Amino acid sequence: MTNQVRKGYGSVILASLAYGIMPVVSKVLLLSGMNSESVVFYRFFLTCLFSALILAVSGRFKAVTLLQAVTLALFGVLGFGLTMQFLTISYQYIPIGLATVLHFAYPLFVTVIMLAVYGEKPGPARLWGCAAALAGICLMVDLKGNFSLRGVVYALLSAVTYSAFVVSNKKASFGSLSPLLCLFTFSLAASLFFGSGCALTGTLQVPGSLSQWGCLLAVSLLCTVFAFCTLMTGVRILGAARASVINMLEPATGVILGVILFKETLSLKIMLGCACILVSTLITVLARDSRKDGGKKK
């Protein structure tokens, strides 16, 4: 294994761990009394500032066309923003590990969208992946005890909006722009949208303690900017398919930290559901990787 490949694996692992910490920090903010709208606003506002600073220092700011600006704004609000909003709300009702794993059911919805909108028929492996995801969701939806169906619905909505974001991203007009510039524009649009919403409804909360500011800095700088940049580094070295497999450390991190820090309990049925969804994601990614390898051999 070359040093470059090691760097790729290390980058994706660090990104996955950073993304996996995000639900924990978000839940700490919610437990401290901050509402989900404010958490989402500050995450995107601070991410916008940090990414702008990096772009300015590196001299990588680039003018965008009107079409690119409009598309990026829509993606930032409807894809990036709503996904985070739904996921953050779900943390109030169900364990963070469960919410994160349900969010990782998004390959199922990507398959459904590609079939319904573009007529792309899934192969056998993709169908098996969809079946595993459906089985996992069914196991989780039939919840008893302290788990809330509302939390499950919000987590699944985050998967739906993210899947639409993934599909639309392939058809977008900003494919030539750098990922960091896209992150800046996404965050700018999302922070303006959610900030305006909070201002109009009077729900914007100003952090009242250093611990809240520290958590907000962590969720933006560590769990968004750092995670995003390291993941992109890993993807460039390893390729998207291989990086996606390693990125499954993210939901595993959320489950483990939820159990350790918040004493969250997961029944055998819920753990089986989690396993089904993770297997679904793995099958989908490996099937895509096999198609690419097959294409190269030909």
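This is a predicted model: local features need pLDDT of at least 70, side-chain atom pairs count only at pLDDT 80 or more; totals for chains, interfaces and linings use all residues.
Local features are given where pLDDT is at least 70, side-chain atom pairs count only at pLDDT 80 or more, and totals for chains, interfaces and linings use all residues. Residues are numbered from 1 along each chain as its sequence is written, and side-chain values use heavy atoms, with hydrogens and water left out.

Helices are DSSP runs (H or I, at least four residues), numbered from the N terminus. Buried means under 20% relative accessible area, exposed over 50%, and partly exposed in between, with a 1.4 Å probe and protein chains only. The buried residues of α4 are Ile96, Gly97, Leu98, Ala99, Thr100, Val101, Leu102 and His103.

Leu102 is also among the residues with the most contacts inside the largest nonpolar core, together with Met140, Phe186 and Ile277. That core has 67 residues; a nonpolar core is a set of buried Ala, Val, Leu, Ile, Met, Phe, Trp, Tyr and Cys residues joined through side-chain atoms within 4.5 Å. A second, separate core of 5 residues includes Tyr106, Val110, Met114 and Val167. When residues up to four places away in sequence are not counted, leucine 102 touches Ile94, Ile137, Met140, Val152, Ala155, Leu156, Ala159 and Ile277. Contact means heavy atoms within 4.5 Å.

Helix α2 (residues 36-58) packs against two helices described here, α1 and α9. Axes are lines fitted to C-alpha atoms, for helices over the stretch in contact, and angles run from 0 to 180 degrees between N-to-C directions. The axes of α1 (residues 3-31) and α2 come within 10 Å and cross at roughly 130°. The two helices are therefore oblique to each other; angles under 35 degrees count as roughly parallel, over 145 as roughly antiparallel, 65 to 115 as roughly perpendicular and the rest as oblique. Met22, Ser26, Leu29 and Leu30 of α1 meet Ser36, Val39 and Arg43 of α2. These residues divide into 4 nonpolar, 2 polar and 1 charged, where Ala, Val, Leu, Ile, Met, Phe, Trp, Tyr, Cys and Pro count as nonpolar, Asp, Glu, Lys and Arg as charged, and the others, Gly among them, as polar.

With helix α9 (residues 210-238), the axis of α2 comes within 9 Å and crosses at roughly 55°, and this pair is therefore oblique as well. Residues of the contact include Tyr42, Leu46 and Phe50 of α2 and Trp213, Leu217 and Leu221 of α9. By class, the contact has 12 nonpolar, 3 polar and 1 charged residues.

Helix α8 (residues 179-201) packs on α9 at an angle of about 150°, with the axes 11 Å apart, and the two are therefore roughly antiparallel. Pro179, Leu180 and Leu183 of α8 contact Thr224, Val225, Phe228, Cys229 and Met232 of α9. This contact has 7 nonpolar, 1 polar and no charged residues.

Serine 38 lies in α2 and is buried, with a relative accessible area of 0%. Serine 38 and leucine 204 are 166 residues apart in sequence, but their C-alpha atoms are 5.4 Å apart. Apart from neighbours within four places in sequence, serine 38 is in contact with Cys198, Thr203, Leu204 and Gln205.

Lysine 263 is in the loop between α11 (249-262) and α12 (268-297). Lysine 263 is exposed, with a relative accessible area of 64%, and has a positive phi of about 55° although it is not a glycine.
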